[in-house]
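This report goes through a structure chain by chain, from overall contacts to helix packing and backbone details. Please read it alongside the sequence and the coordinates.

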Amino acid sequence: MDDRQIIALYNERSEAALSETAKKYGRYCRTVAYNILRNEEDSEECVNDTWLRAWESIPPQCPERLSAFLGKITRNLALNRYKHKNREKRGGGQTVLVLEELNECIPGADSTEEAANEALLVEVLNGFLAELPVDKRKIFMRRYWYLSSVKEIAEDFGLSESNVKMTLLRLRSKLKSVLEKEGILL
Amino acid sequence: MKSEKLLDALGKVDETFIEEAAPIGEALPGMKPEKSMQDVEKSEQQE
C-alpha cells in the first residue's frame, strides 16, 4: 500500500492504518530503535509507542514522507528511553534530581532563546549536509542519525572499518569548522 | 550536555537526508539500495 493510502486510513480513523504502517515500516522503525537501545523488548515497546504517536498526530498532521516521519518519532522515543535508563543507572535517580535542581541556579538561555538556538543549529546542519557528497552524507547520517555501528556501516558500504572511521573523523572536523564559522556555541 | 544537543538537533534535519540514508538492509519499500563503495572512493579521490 502506498503512503498516501495509509495516510488516508489515518484520516478516516480506520485502525487498518496501524496494521498497514506496521507491515510497511515495522522493520525500519525496529532498526532505528534497536540501534539506540540494543534491546529487543525496549525496541518493540518503542515501535508500538511510535504507532500510537502517529495515530494521535495524523490528522491534523499530514506527513510528506511517512518513513522519515515515523523514523523521527521512533528515534526521539528511543533516545528518551535511553536517557531515562541511563539516569536510573546513575545513582537511582537522586544524582540526576540534584543536578537538575542545581541547574536551576545557573543562569542560561531561556526556553525561547534555546528554541531559537536549536532552530539555527538545525539550519546550519541542513546546510552542512546539503554540501556533502551523497555517499559521505549517507555515512554521516547512518552514524549520527541512525546510530549504526562502524562495523554495520562498513559492511553496508563495502568499506573497511578504518576507512569509515577516517571518513567520520573528517566529517566531524568539517562540521566543527562549519559550526565555528557560524558562531554556534553549544 | 553539548553532544546531546547536537544529537537532538540532528533528529530534526531535512527528512530527505533521513530517507536517503536508511540502512540498506532495512531498505524502505520502493527504494533500491545503491552500491556506494565506488562513489565513496571517487569522492575520496576528488578531495
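## Contacts and composition of chain A

Contacts (heavy atoms within 4.5 Å) in chain A between residues at least 6 apart in sequence join, in 58% of cases, residues at least 24 apart. The model is predicted, so local features need pLDDT of at least 70 and side-chain atom pairs count only at pLDDT 80 or more, while totals for chains, interfaces and linings use all residues. Residues are numbered from 1 along each chain as its sequence is written, chains are lettered from A and ligands numbered from 1 in the order in which they are written, and side-chain values use heavy atoms, with hydrogens and water left out.

Chain A has nine helices and zero strands; helices (H or I, at least four residues) and strands (E, at least two) are DSSP runs, numbered from the N terminus. Of the 186 residues in chain A, 41% are buried, where buried means under 20% relative accessible area, exposed over 50% and partly exposed in between (1.4 Å probe, protein chains only). Accessible areas come from the Shrake-Rupley method with a 1.4 Å probe, and for residues only the protein chains shown count as cover.

## Helices α1 and α2 of chain A

Two packed helices are described by the angle between their axes and the distance between the axes. Axes here are lines fitted to C-alpha atoms, for helices over the stretch in contact, and angles run from 0 to 180 degrees between N-to-C directions. For α1(A) (residues 3–11) and α2(A) (residues 16–37), the axes come within 8 Å and cross at roughly 150°. The two helices are therefore roughly antiparallel; angles under 35 degrees count as roughly parallel, over 145 as roughly antiparallel, 65 to 115 as roughly perpendicular and the rest as oblique.

The crossing of α1(A) and α2(A) is left-handed, a term for the near helix being turned anticlockwise from the far one by less than a right angle, with clockwise giving right-handed. On the α1(A) side the contact uses A:Asp3, A:Ile6, A:Leu9 and A:Tyr10, and the α2(A) residues include A:Ala16, A:Leu18, A:Lys24 and A:Tyr25. By class this contact has seven nonpolar, one polar and three charged residues. Ala, Val, Leu, Ile, Met, Phe, Trp, Tyr, Cys and Pro count as nonpolar, Asp, Glu, Lys and Arg as charged, and the others, Gly among them, as polar.

## Helices α3 and α4 of chain A

The axes of α3(A) (residues 40–57) and α4(A) are 9 Å apart, and the helices pack at an angle of about 130°. That angle makes α3(A) oblique to α4(A). The crossing between α3(A) and α4(A) is right-handed.

Among the α3(A) residues in this contact are A:Cys46, A:Trp51 and A:Arg53, which face α4(A) residues including A:Phe69, A:Ile73 and A:Leu77. The class count is eight nonpolar, three polar and six charged residues.

## Helices α8 and α9 of chain A

The axes of α8(A) (residues 150–157) and α9(A) (residues 161–181) come within 8 Å and cross at roughly 105°. The pair is therefore roughly perpendicular.

From α8(A), A:Val150, A:Lys151, A:Ile153 and A:Ala154 meet A:Glu161, A:Val164, A:Lys165 and A:Leu168 of α9(A). This contact has five nonpolar, no polar and three charged residues.

## Backbone geometry in the loops

Most residues other than glycine have a negative phi, and most peptide bonds are trans. A cis peptide bond joins A:Ile58 and A:Pro59, with omega about -20°, and another cis bond joins A:Pro59 and A:Pro60, with omega about 15°.

A:Arg13, in the loop between α1 and α2 of chain A, has a positive phi of about 60°. A:Arg13 is partly exposed, at a relative accessible area of 37%. A:Leu147 has a positive phi near 55° and sits in the loop between α7 (134–144) and α8 of chain A. With a relative accessible area of 22%, A:Leu147 is partly exposed.

## Chain B

Chain B has three helices and zero strands. Buried residues account for 34% of its 47 residues. The accessible surface of chain B is about 3000 Å², and 51% of that belongs to carbon and sulfur atoms.
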